[in-house]
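Please examine the sequence and the three-dimensional structure shown below.

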Amino acid sequence: MSAPACKKVIDLSHPLAQNGLSYCSGHPHFRSEQVLSLAADSSNVSRLTLGSHTGTHLDAPVHFIAGAPTISDVDLSLLVGPAIVLDVRGKAPHSTISWADLAPQAEQHAWPGAAIALLCTGWSRHWGGDAYMTSPRLGADAARGLLARGVRVVGMDVFSVDGGAPANDVHRLLLGSGALIAENLTNVEALLGGGTRYMASLLPLNLAGCDGSPVRAVAWGV
């Protein structure tokens, strides 16, 4: 019997590095500090400092809605499943992604129940620089269009689906409708073209009662 073929897993997560990068005011910066070493203690152990929305992460509904489900409450089955990848590259800085931008592609897909929608703006190329904060944002009409097609998770390669708008209306719309939000994805371009169908996994840490969690976002062809 021949060995089963190994599937290619595509990493959609930014590395957490010692530069302490954080794009949102007031959010903790990532730090990793060695507290035990092989030489002195027979093992390496590090102390990590990070926020619940550090790097590639998932927003729980309670992030913006009082009394809503926390990250330890979310239905994990929503976070592993078929992914529909939508190409919205070419949008201008600070522009809005409308349903008109998504509809031509959306109509080409058969939307499975509880789908994961991954929007590729191409903005992850600016990660680490000031231009990352000039990303496009998701419009409310686009969010409603995705929800109407059964989307339960929206992932984007930007720091915020609201693009920093202080009202965070799209966060509230999606999270208030029972959907989840993944932000700071990267390498979504690798999923475009070729006609391949993808599965994705956006599983968070099991942080009891927390408002979000870093994730190791991945996808693979099926």
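**Nonpolar cores**

The largest nonpolar core comprises 29 residues, and those with the most contacts inside it are L102, W111, L119, L138, L146, M156 and L174. A nonpolar core is a set of buried Ala, Val, Leu, Ile, Met, Phe, Trp, Tyr and Cys residues joined through side-chain atoms within 4.5 Å. The model is predicted: local features need pLDDT of at least 70 and side-chain atom pairs count only at pLDDT 80 or more, whereas totals for chains, interfaces and linings use all residues. Residues are numbered from 1 along each chain as its sequence is written, and side-chain values use heavy atoms, with hydrogens and water left out.

- At least two residues of this core are supplied by each of β5, α2, β7, α3, β9 and α4. Helices (H or I, at least four residues) and strands (E, at least two) are DSSP runs, numbered from the N terminus.
- Helix α2 gives the largest share of this core, 4 residues.
- L174 touches L138, A143, L147, V154, A179 and I181, leaving out residues up to four places away in sequence. Contact here means heavy atoms within 4.5 Å.
- Another core, of 26 residues, lies apart from the largest one and has L58, L78, L79 and A182 among its members.
- In soluble globular proteins, nonpolar side chains tend to be buried together.

**The sheet and its helices**

- Two strands pair if DSSP finds at least two bridges between them.
- Strand β4 (residues 57–59) pairs with strand β10 (residues 180–183) in the antiparallel sense over 3 bridges, and the bridge partner of L58 in β10 is A182.

**Aromatic rings**

- The structure holds 2 aromatic pairs. Rings of Phe, Tyr and Trp (its six-membered ring) pair if their centres lie within 6.5 Å; planes under 30 degrees apart count as stacked, over 60 as edge-to-face and the rest as tilted.
- The ring centres of W127 and Y132 are 5.2 Å apart and their planes stand at 85°, so this pair is edge-to-face.
- Y132 and F159 form a tilted pair, 6.5 Å centre to centre with 55° between the planes.
- This pair links distant parts of the chain, 27 residues apart: Y132 is in the loop between β7 (115–120) and β8 (137–138), and F159 is in the loop between β9 (151–156) and α4 (169–176).
- Y132 is buried, with a relative accessible area of 0%, F159 is buried at 7%, and W127 is partly exposed at 24%. Buried means under 20% relative accessible area, exposed over 50%, and partly exposed in between (1.4 Å probe, protein chains only).
- Ring pairs link W127, Y132 and F159 into a cluster.
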